[in-house]
Amino acid sequence: MLIGRRTVLRWAASLAGALRVSSVRVWAQAANFPADQADTLRALAAVVLPAELGAAGVDRTADAFVIWVRGYRAGAEMDHGYGVTRLRSKGASPAPNYLRHLEALREALLSGDMESKRQAVTAALEQAKITDLPRTPDGRHVAADLMAFYFRSSDANDLCYRAAIGRDLCRGLDGSERAPAPLKGRA
Amino acid sequence: MQRYESDVCIVGGGITAAMLALKLSELQPQLSITVVEAGKRLFDAENRMAYRQRSIDYAENAWPGDFIEDQAAQGVISRTMAVGGSALHWGGTCNRFSEEDLRLKSMFGLYADWPLAWNELEKFYCEAERRLGVSGEPSPFAEDQRSEPYPMAAMAMTHNLIELKKWAEQSGIPFQTTPQAKNTEPYDGRAKCIRCNTCTVCPTGARYSPDYTFRRLLQRKNFALHDQTLVRKLVLDDAKSTVAAAQAVNYQKPDEPVEYRAPVFALASGYCWSPHLLLLSRSPRFPNGLANSSGLVGRYMCGHAFQSAMIEIDAKIYPGMNEQHGLISRQFFRVKDREHFVRHDLRVWESAAGHEPRLRGADGRILLGDSLLADWRQRALRGTARVRGYYDVHPDRDSSLTLDASAKNRFGDPLPKIEHRLDAATQARRDVTREHFQQLFQKLAQAGNGKVLNTGAGNYLDHPAGGCRMGADPAASVCDSFGQTHDHENLFVAGSPTLPNAGCTNGTLTFVALTLRAAERVAERFRKG
């Protein structure tokens with residue numbers, strides 16, 4: 001069967017419209033992240049981040065993650081590597097995926113005890129087939145990405161070693177021959 | 001057609017071009033010099049801190065726009081194409097080769113000798129170190145004697161490096177800190193290093209990169225930098241074998257061809273694009289391309305191979321203190337004879353490998369929050385040393401860069417394809433070399449109660465060079481030791497392509513030293529009138 005020119009044009013117009021609507025929606029979801037899931041995100045942070053951060057520290061990390069999501073630039077160039085080199089760019093904003101993940105976890109995270117929350121997050125990660133912490137958040141699951149966001153950070157490195165290493169800071173050369181100072185206020 | 005004339009036209013805008021132009025402008029201030037570079041100028045140093053942060057936070061390219069999508073080569077190790085070249089994002093490592101690299105034939109009966117005496121090269125190493133601003137400490141080996149001290153004191157060892165040196169030297173192998181083009185004090189108008197741990201994008205200028213030289217050169221009235229302009233072909237004078245012009249195209253105005261005319265042309269486009277341009281410049285008079293009567297343009301492409309190990313050690317290492325600064329031993333630069341020929345450097349850096357946070361514990365169960373942190377802390381009790389040896393391998397004649405008819409850029413020019421091949425003697429040493437490194441890694445580990453976590457061999461040749469090798473015999477080389485091509489007296493090739501072999505440690509300092517020496521020869525032509 002031959003498809004008429006008008007039909008093709010109508011399809012093309014509706015597809016273009018759908019794409020425009022879709023990209024506007026993604027943009028809006030990223031800009032407003034986490035929308036009405038702010039409490040779910042904070043509850044998730046309390047499960048996947050270390051208690052040593054304290055409640056305020058956990059909330060601050062969740063807030064920093066929100067800023068990170070909003071600052072994500074879809075399509076931005078990535079490093080093209082050395083040795084084996086290829087041009088790559090950042091994928092679509094992870095915000096829509098995150099909102100879906102948070103919605104799916106909402107009930108479990110906003111009710112029940114800590115153990116049941118952990119079980120819910122663990123089950124979600126298993127279902128998403130997440131095998132390790134991503135090098136940088138990649139949108140496959142909000143729980144893994146929130147953990148990667150924190151545990152791969154300079155602050156987490158300090159917390160692990162209980163020392164003010166400041167890996168990602170510009171710290172000057174003076175005094176670097178000494179072991180980093182113990183973290184203030186932490187064991 | 002837009003036509004530009006100057007005394008010297010330099011094709012390519014990386015570290016070689018920067019050094020050549022700078023020295024020429026000092027030796028012959030009246031010379032007009034034009035540098036033509038295909039990539040963009042990324043001179044927005046004021047944004048580098050922000051780019052660095054985006055790179056840390058989002059893994060974005062810290063040098064946005066530093067490539068040309070359709071100007072790619074198969075077999076290259078970096079896609080960077082911008083004013084400053086690969087040295088925009090280099091680590092700043094400034095190791096010297098050793099005399100053995102220049103005398104392989106006469107000392108070991110292997111491969112080839114350079115048409116250049118070690119003492120002559122050493123003089124230009126000193127100059128290269130001054131110009132780049134290298135901080136370093138003397139080698140413990142008498143054979144590494146220097147005629148001048150480093151221009152700057154070595155970067156202080158961090159706590160981690162002090163621990164790693166203690167550990168590594170228990171094996172009886174002496175180490176020193178790696179010399180680097182990084183300022184340990186304000187130098188040449190650039191700031192002192194503030195240890196940002198991201199040397200590939202240095203936000204302060206403490207690590208040398210050629211954009212600083214170009215910005216200085218641009219203050220001179222007889223210097224021009226034409227970026228985003230791809231030289232596609234060199235053409236000869238009708239009656240002579242001298243180069244008359246470089247034909248180019250500007251990416252912003254692709255419909256208006258550009259031509260550069262000069263009494264001297266210098267190719268400074270690195271190991272890939274210099275031989276590529278010579279091959280592209282074929283004509284009925286020179287069907288195999290320019291400077292290619294020997295048939296060796298795009299041959300003897302070289303680099304060094306490497307073996308690596310991660311070794312867990314009994315030391316308190318705090319990953320992230322200064323990951324790009326490391327240790328080097330030059331003990332294995334010297335070998336007894338051909339039968340024991342496994343020449344290499346030996347490098348040690350701090351590392352977090354094996355001790356990074358992980359989602360699943362040893363039993364495969366998912367770890368969250370406190371349990372993840374506890375697992376991480378437990379594994380981080382011991383330190384990790386990242387160990388690597390770059391070893392000397394020699395290219396076969398068929399180690400080649402060729403024109404790939406199946407891959408073309410937007411202008412229809414065939415792109416380069418690099419295929420490295422090692423000579424028969426190198427291949428015969430393969431098993432002995434591998435065994436040597438396995439034993440060496442075990443020796444290092446055992447000396448300090450360490451454990452080899454893993455070992456690996458590189459799957460490419462690092463710090464590549466060659467393609468227009470220098471030599472005294474025009475039948476066996478493309479250019480002389482000054483880079484002057486045997487076939488065209490006004491055409492020079494500078495830097496990495498001229499190396500017959502790539503030694504067993506980082507090559508940039510050698511590329512620069514050879515370039516500074518070439519600059520004197522080019523300047524001399526103008527003194528003679």
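How many residues does the hairpin that joins β9(B) to β10(B) pass through? The answer is two residues. Keep in mind that you're looking at a predicted model. Here's a quick tour of two spots: a pair of helices in chain A, and a run of paired strands in chain B, where β9(B) pairs with β8(B) and also with β10(B).

**The helix pair in chain A**

- Start with helix α2 (residues 38-48) of chain A and helix α3 (residues 54-71) of chain A, which pack with their axes 9 Å apart, at an angle of about 125 degrees.
- The crossing where α2(A) passes α3(A) is right-handed.
- On the α2(A) side, the residues that make the contact are Leu41(A), Arg42(A), Ala45(A) and Ala46(A); they meet Val58(A), Asp59(A), Thr61(A) and Ala62(A) of α3(A).
- Sorted by class, that contact has five nonpolar residues, two charged ones and one polar one.

**β8 and β9 in chain B**

- Strand β8 (residues 229-236) of chain B runs antiparallel to strand β9 (residues 243-250) of chain B, and seven bridges join them.
- Look for Thr229(B) here: its bridge partner in β9(B) is Asn250(B).
- These two strands, β8(B) and β9(B), form a hairpin, with six residues between them.

**β9 and β10 in chain B**

- β9(B) also pairs with strand β10 (residues 253-261) of chain B, in the antiparallel sense, over six bridges.
- Asn250(B) turns up again in this pairing, with Lys253(B) as its bridge partner in β10(B).

Definitions and conventions. Residues are numbered from 1 along each chain as its sequence is written. Chains are lettered from A and ligands numbered from 1 in the order in which they are written. This is a predicted model: local features need pLDDT of at least 70, side-chain atom pairs count only at pLDDT 80 or more; totals for chains, interfaces and linings use all residues. Axes are lines fitted to C-alpha atoms, for helices over the stretch in contact, and angles run from 0 to 180 degrees between N-to-C directions. Helices (H or I, at least four residues) and strands (E, at least two) are DSSP runs, numbered from the N terminus. A crossing is left-handed if the near helix is turned anticlockwise from the far one by less than a right angle, and right-handed if clockwise. Two residues are in contact if their C-beta atoms, placed from the backbone, lie within 7 Å. Ala, Val, Leu, Ile, Met, Phe, Trp, Tyr, Cys and Pro count as nonpolar, Asp, Glu, Lys and Arg as charged, and the others, Gly among them, as polar. Two strands pair if DSSP finds at least two bridges between them.
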